Each structure stands twice: as C-alpha cells, then as structure tokens.
Amino acid sequence: MSGALKRFLPMFDRVLIQRAEAATKSKGGILIPEKAQGKVNEGTVVAVGTGAVNEANGQVRPLAVAVGDRVMLPEYGGTKIELEDKEYTLFREGDIIAKIAQD
Amino acid sequence: MSGALKRFLPMFDRVLIQRAEAATKSKGGILIPEKAQGKVNEGTVVAVGTGAVNEANGQVRPLAVAVGDRVMLPEYGGTKIELEDKEYTLFREGDIIAKIAQD
Amino acid sequence: MSGALKRFLPMFDRVLIQRAEAATKSKGGILIPEKAQGKVNEGTVVAVGTGAVNEANGQVRPLAVAVGDRVMLPEYGGTKIELEDKEYTLFREGDIIAKIAQD
Amino acid sequence: MSGALKRFLPMFDRVLIQRAEAATKSKGGILIPEKAQGKVNEGTVVAVGTGAVNEANGQVRPLAVAVGDRVMLPEYGGTKIELEDKEYTLFREGDIIAKIAQD
Amino acid sequence: MSGALKRFLPMFDRVLIQRAEAATKSKGGILIPEKAQGKVNEGTVVAVGTGAVNEANGQVRPLAVAVGDRVMLPEYGGTKIELEDKEYTLFREGDIIAKIAQD
Amino acid sequence: MSGALKRFLPMFDRVLIQRAEAATKSKGGILIPEKAQGKVNEGTVVAVGTGAVNEANGQVRPLAVAVGDRVMLPEYGGTKIELEDKEYTLFREGDIIAKIAQD
Amino acid sequence: MSGALKRFLPMFDRVLIQRAEAATKSKGGILIPEKAQGKVNEGTVVAVGTGAVNEANGQVRPLAVAVGDRVMLPEYGGTKIELEDKEYTLFREGDIIAKIAQD
C-alpha cells in the first residue's frame with residue numbers, strides 16, 4: 001500500500017475504493033478498445049472512515065465494510081480522489097450496494 | 001444458485017430479486033411477441049441485506065422478506081444487476097409491495 | 001375470496017382495496033353512460049399489511065383498518081393491482097380518508 | 001345528523017366540517033348575489049378522527065377539537081366530501097386556525 | 001375587547017396580533033399620505049394558542065408570548081383575520097421576531 | 001444603550017447585531033468612496049434571544065453568544081431592524097460564523 | 001499564528017482551514033503558470049469550533065479534527081475568510097473528506 005494511501009484517513013462514514021480493472025479482452029479473447037471498456041462497478045475497499053454518526057443519539061456505529069472487502073458500487077456517484085497519481089473513488093457507506101464474498 | 005449469486009451480499013435493507021419470466025403465450029394459447037410481453041412485476045427473492053438500520057436509535061431490524069419469497073414489485077424503480085450474464089433487480093425492502101404466499 | 005387475493009400479503013402499512021361499483025342508474029332510474037359514471041371513492045378492504053413501522057423507535061403498530069372495512073378513499077393516488085383479471089387499488093394506511101361504519 | 005354522516009369515521013387527525021352558510025344579506029339588509037357571497041371560513045365540526053399519531057414515539061394524542069365545536073378555517077386547503085348530497089370539507093387538525101367559543 | 005375577539009381561541013402555536021397604527025405624521029409634524037405610511041411591523045398580542053406541540057415527544061410547551069405583549073413582526077407572512085370588521089394578523093409563535101418590553 | 005434597544009427582546013435563538021463601521025480610509029490613508037466601502041461582516045452582539053429550543057426534546061439551550069461579543073457574520077442573510085433610526089441586523093445563532101476574541 | 005487568527009473562534013461545527021500552496025513546478029521541474037495551478041484540495045486546520053450540536057438530544061460532540069491536522073477538502077463548497085490579508089476557508093466538519101496522517 002502506497003504511503004499516501006496509508007496516510008489517507010476518511011472521515012466518518014466515507015469509504016475509499018479502488019475500482020477493479022476493466023476487462024481488456026472479451027470472453028472470446030477479442031481485444032476490447034479502451035473506449036468500449038466502460039466503467040467497472042466493482043472494487044476493493046482500501047480505506048474506511050471512523051464510523052457512521054447516528055443523527056438522533058450521536059452514537060458512532062462502526063462501518064459494515066472493512067479494508068480488503070470486495071464491493072459492488074452504484075452506477076453513479078462517488079468522488080474521484082487522486083493519491084500519488086493513482087485514482088480512487090470515495091463513497092458513503094450507505095451508497096455501497098453489496099459486498100462480494102471471496103470465492 | 002450460481003457462484004456469483006451466492007457471493008453477492010446486499011448491504012443493509014437491499015433485496016436482490018429475480019423477475020418471473022413473462023408469459024410467452026396468451027391464455028388462449030396465442031404466441032405473444034417479445035415486444036408486447038411487457039415487464040413482469042413479480043419475482044423471487046434471491047439475496048437479502050443484513051437488515052434495516054433505524055435512523056433514530058441505530059438498531060438493525062431484520063428484513064421482512066427472505067430468500068425464496070415470491071414478491072410483487074412496484075411498476076418503476078429498482079437497479080439492474082448483472083451476475084454471470086444473468087439479470088437481477090435490486091430493490092429497497094420498503095419498495096416491495098407485497099409477498100405472494102405459496103399455493 | 002380468489003386464490004390470488006388470499007395469497008396477496010401487502011407489506012407494512014399497505015392496504016389493498018376493492019372499489020365499490022359505480023352506480024349505473026341515477027336516483028331517478030335513468031341509465032348513466034359508463035363514461036359519465038366517474039370513479040367511486042369508496043371501497044372495501046380486502047387485504048392489510050403487517051403494520052406501520054415507526055421510523056423513530058422501530059416499533060410496528062397494527063393498522064387501523066381490517067379486512068372487510070368499508071372505507072372512503074382520496075380523489076387521487078393509489079396503485080392499480082391486477083389479480084386474476086380483477087382490479088384492485090393499493091393505498092398506504094395514512095392515505096385512507098375515513099372508515100364507513102356499517103348501517 | 002344524517003345516517004351517512006353518523007357512519008363517517010375520519011381516520012387519525014382528520015376533521016370533518018360543515019361550513020357556515022354565507023350571509024345572503026349585507027348588514028344594511030341588501031341582498032348579496034350568490035356569486036359575491038364568497039366562501040365562509042367558519043364552520044362546525046361534525047366528525048373527528050381517532051387521534052394524531054406522534055411520528056417519533058407512535059403515541060396517539062386525542063384531537064383538540066370535538067363534534068359541535070365552531071372553528072375558523074384557513075383560506076385554502078381542505079377536501080370536499082359529499083354525503084347524501086350534502087357538502088362537507090375535510091381538514092387536518094393542524095390546519096384548523098382557531099376554535100370560536102360559544103356566545 | 002370585542003365579543004368576537006374574546007371567543008377567538010387560536011389553535012396550538014398560533015398567535016393573534018393587532019398591528020400598531022402607522023404614524024400619520026412624520027417627526028417634523030408633516031402629514032404622511034396613507035399610501036406612504038407602509039405596514040407597521042409592531043403589534044400587540046390579543047390572543048394566544050394552547051401551546052406548541054413537540055413533534056418528537058408529543059409534549060405541549062406553553063407559548064413564550066402572552067396577551068398584552070408588544071411584539072415585533074417579520075416583514076412578510078401572517079394570515080389576515082377579520083373579526084367584527086376589525087383586522088388582525090395571525091402568526092405562528094416561531095415567526096415572531098422579538099418582544100418589546102414596556103417603557 | 002438606547003431605550004428601544006434595551007426593550008428589544010429577541011425570541012428564542014435570534015441575535016441582534018450592530019455591524020462594525022466600514023473603514024473609510026485604506027491602510028495607506030486614502031479615502032474610500034462610500035460606494036466602494038462594501039458591507040462589513042463583523043459586528044457586536046447587542047441583544048440575544050431566550051435560547052434555542054431543541055426540536056426533539058423541547059429543552060431550551062442557552063445561546064453560545066452574549067451581549068458585547070464581537071462576531072463574524074455570513075456574507076448573506078440576516079434581517080434589517082431599525083430602532084430609533086439606528087440600523088441593526090438580526091441573525092439566527094446558527095448562522096453566526098465565529099466569535100472574535102478581544103485583543 | 002497571527003493575532004487575528006488566534007482571536008477567530010469558529011462557532012459549533014465550523015472548521016477554519018489554510019489551503020496548502022499549489023505546486024509551482026511540475027515533477028519534471030517545469031514552471032506551472034499560475035492560471036494552470038488549479039485549487040489545492042488539501043490544507044491544514046488552523047481553528048476549530050466548540051463542537052457539533054446533536055439536533056435530537058442537544059448534546060455537544062467535540063469535533064473529529066484538531067488544530068494542526070492536515071485534511072483533504074471537497075472540490076466545492078467552503079466560505080472564504082480573510083484575516084489580516086491572509087485567505088482561509090471555512091468548512092463544516094461534515095464536509096471534510098479525510099484526515100491525512102503525518103509521514
């Protein structure tokens with residue numbers, strides 16, 4: 001993990017995600033031109049916030065995802081974050097659609 | 001159940017649903033052209049989230065639907081999810097209209 | 001009660017209602033053309049949800065209407081539901097205007 | 001009180017009101033043409049709901065108006081209800097401006 | 001106090017106010033034409049509601065203004081109320097800007 | 001403090017502020033034309049409300065600013081109040097940006 | 001720290017931030033024209049508010065950032081504050097994206 005990433009501490013319920021690489025070849029082995037690769041809605045959690053603050057009672061609930069989790073992301077939303085020339089995306093915990101268990 | 005489906009763990013109050021197949025023949029036995037088949041608002045629950053978080057007290061309430069339940073869906077809404085080339089739809093628990101008890 | 005109707009279990013605070021038939025004759029006995037019959041804002045409750053979830057404390061309150069109740073409906077709103085070729089309308093409990101006690 | 005009115009049980013915080021008759025003569029005794037009579041913002045409560053549900057704790061608070069109370073109504077709002085050819089107006093308790101004590 | 005005013009009981013957090021008369025002469029004694037007198041944002045409380053209902057716990061808090069209090073009103077808002085040909089303005093307690101202590 | 005100011009009792013979380021005078025000379029001693037002086041976003045608290053009512057539990061929290069405090073104001077907002085020909089601005093406590101401690 | 005900065009006490013959940021200087025040279029040592037330097041989304045906390053007031057129970061929670069913390073800021077938002085000719089930006093605690101731990 002890069003230095004900048006290790007020092008990046010998301011606030012509250014924010015989660016930093018590294019999107020999975022888009023497939024460059026179709027299942028039939030045909031090269032997919034970059035433009036047609038489209039955005040991948042899966043990724044890996046690389047940093048998590050300190051917890052979700054409950055607006056009603058002020059308690060802090062730990063987040064339901066952890067570093068290393070593979071997750072499915074919504075089609076839209078998220079904030080681009082660049083750390084040491086690498087691109088990540090920042091989501092709120094509540095926007096993450098699902099966790100994808102390991103094989 | 002496919003591998004990808006088994007590993008798909010919806011977050012919180014999200015529910016993954018496989019829509020029922022549209023009828024291809026009318027009751028009179030006449031073939032219905034695909035275009036006229038329209039969307040089916042029924043389906044089966046194939047994966048459920050970890051529970052609905054109560055905004056006021058932070059407690060997590062288990063969802064009122066379970067895997068295998070047949071449900072009626074609203075006309076609109078839901079997010080398309082593709083897993084191993086099969087199409088599913090993701091709804092929030094609160095958007096599901098009704099459960100359809102087995103015969 | 002039809003099979004489909006018996007198996008239709010509305011979620012939470014939803015209520016399924018069968019609208020009363022529009023009067024086909026005026027009080028003076030004159031036939032009212034279908035177009036002029038207009039929508040009837042009364043109906044009978046045919047299925048009720050499991051209860052209204054209180055957003056603040058998560059408790060579930062039983063609904064204030066029951067199967068068989070005659071009710072008055074708002075001018076607009078409601079979702080059309082077709083079960084075995086019969087048309088019903090789905091309302092939220094909070095949208096029902098009044099109960100109409102039996103004679 | 002007519003049969004239909006007696007059987008009309010408003011839900012929750014709804015209040016059924018019969019508007020006072022518009023004055024047909026000015027104080028000087030001059031006939032006011034119907035068109036100029038305008039809507040009267042006063043009326044009498046003829047049916048009250050079962051109570052206002054508190055969204056936060058689910059408790060039901062009895063309504064602050066009762067059958068027979070004379071009340072002042074807002075300029076706009078309210079739903080027209082016809083019972084046995086007589087016209088009433090349905091308001092939410094919170095929209096009623098004031099009670100008018102008897103002389 | 002007129003009969004109608006005495007019988008006017010505002011609901012909940014509503015406050016009935018009689019606006020102060022606009023000054024008809026400038027400080028230098030020059031007559032101000034009616035059109036230029038503008039609206040006066042001060043007035044006297046002539047009737048108060050039964051109390052403000054707390055949405056969260058249903059408790060009723062007595063209002064912070066009482067009959068006879070001189071108050072400053074916002075530029076806009078308020079509902080015109082006519083009682084026995086006299087004009088008053090109805091405000092919500094929360095809209096009143098300030099109380100003006102007696103000299 | 002003028003009589004009118006002393007008698008001005010803001011309601012709840014409202015705070016009355018006297019804006020600081022705009023500098024008429026630049027640091028280099030050059031006269032700034034009135035039009036170019038712009039609005040000053042600093043001022044002194046001259047009257048405070050009785051406290052902020054907590055919407056959820058109805059409790060009243062004393063305000064975090066007191067008479068005499070120097071404060072920084074937002075660029076926009078606030079209501080103009082004229083008392084004995086002097087101009088003040090009324091803000092809600094929550095809109096005040098910062099307190100400016102004395103030298 | 002300048003006098004004005006020391007005397008600047010943000011209210012509640014507001015945080016005053018000094019943005020990091022934009023890099024004037026690219027990694028290859030080429031001078032970046034001012035116009036192309038763009039806004040830097042990193043900065044250092046120079047003053048913090050008294051705490052975040054919980055709307056539901058009125059309790060005050062200390063802020064999760066402190067003076068001296070390096071933080072990452074959102075692309076948009078924030079209020080410009082000038083103190084002794086130096087420019088700072090004021091954010092709400094909830095808008096700050098992440099803390100950046102020291103090397």
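Two strands pair if DSSP finds at least two bridges between them. In this predicted model, strand 7 (residues 79-83) of chain A and strand 8 (residues 86-92) of chain A meet that condition, because five bridges join them in the antiparallel sense. Within this pairing, Lys80(A) has Thr89(A) in strand 8 of chain A as its bridge partner. The hairpin formed by strand 7 and strand 8 of chain A has two residues between the strands, and Glu84(A) takes a positive phi near 45° there.

Strand 2 (residues 14-19) of chain D runs antiparallel to strand 3 (residues 42-48) of chain D, with five bridges between them. Gln18(D) stands opposite Thr44(D) of strand 3 in this pair. Strand 3 of chain D also pairs with strand 6 (residues 70-72) of chain D, again in the antiparallel sense, over three bridges. Here Gly43(D) faces Val71(D) in strand 6 of chain D.

Charged side chains are the next topic. Side chains of opposite charge can pair when their charged atoms come close. Over all chains, the count comes to 28 salt bridges. One of them links Glu42(A) with Arg70(A), whose closest N and O atoms are 2.8 Å apart. This pair connects distant parts of the chain: Glu42(A) lies in strand 3 (residues 42-48) of chain A and Arg70(A) in strand 6 (residues 70-72) of chain A, 28 residues apart. Because a salt bridge requires a side-chain nitrogen of Lys or Arg within 4 Å of a carboxyl oxygen of Asp or Glu, the 2.8 Å separation of Glu42(A) and Arg70(A) qualifies.

From here the description moves to contacts between chains, beginning with chain A and chain G. The contact takes 18 residues from chain A and 19 residues from chain G. The size of an interface is often given as the accessible area lost when the parts come together. For chain A and chain G that area is about 1,400 Å², 60% of it on carbon and sulfur atoms. Arg7(A), Met11(A) and Phe12(A) supply 41% of the area that chain A buries against chain G, more than any other three residues.

What kinds of polar pairing cross this interface? The rule finds zero salt bridges between chain A and chain G, whereas five residue pairs are in polar contact, with both residues at pLDDT 80 or more. On the side of chain A that touches chain G, the elements giving two or more residues are strand 1 (8-10), strand 7 and strand 8 of chain A. Strand 1 of chain A has the largest share of that side, three residues. By class, the side of chain A that touches chain G divides into ten nonpolar, three polar and five charged residues.

Strand pairing also crosses this interface. Strand 1 of chain A and strand 9 (residues 98-100) of chain G run antiparallel and are joined by three bridges. In strand 9 of chain G, Ala98(G) stands opposite Pro10(A).

Chain B brings 19 residues into contact with 18 residues of chain C. Together chain B and chain C bury about 1,400 Å², with 60% on carbon and sulfur atoms. On chain B, the residues Met72(B), Ile97(B) and Lys99(B) supply 31% of the area buried against chain C, more than any other three residues. Salt bridges across this interface number zero by the rule, and five residue pairs are in polar contact, both residues being at pLDDT 80 or more. Strand 9 (residues 98-100) of chain B gives the most to the side that touches chain C, with three residues. That side of chain B has nine nonpolar, four polar and six charged residues. Strand 9 of chain B pairs with strand 1 (residues 8-10) of chain C in the antiparallel sense over three bridges, and Ile100(B) has Phe8(C) as its bridge partner.

The last step concerns how the copies are related. Two copies of a chain are related by a rotation about an axis and a shift along it. Chain A is superposed on chain G by a rotation of 51° with 0.0 Å of shift along its axis, at an RMSD of 0.0 Å. The copies use different surfaces, and 17% of the contact residues of chain A recur in chain G. For chain B laid on chain C, the turn is 51° and the shift along the axis 0.0 Å, with an RMSD of 0.0 Å. Here too the copies use different surfaces: 16% of the contact residues of chain B recur in chain C.

Terms used
Residues numbered from 1 in each chain as written. Chains lettered and ligands numbered in written order. Predicted model: local features only at pLDDT ≥ 70, side-chain atom pairs only at ≥ 80, totals over all residues. Heavy atoms only, no water. Contact = heavy atoms within 4.5 Å. Buried area = accessible area lost by both parts, 1.4 Å probe. Polar contact = N/O pair within 3.5 Å; in protein donor to acceptor, adjacent residues only side chain to side chain. Helix = DSSP H or I, 4+ residues; strand = E, 2+ residues; numbered from the N terminus. Nonpolar A, V, L, I, M, F, W, Y, C, P; charged D, E, K, R; others polar. Least-squares fit on C-alpha atoms with pLDDT ≥ 70 in both.
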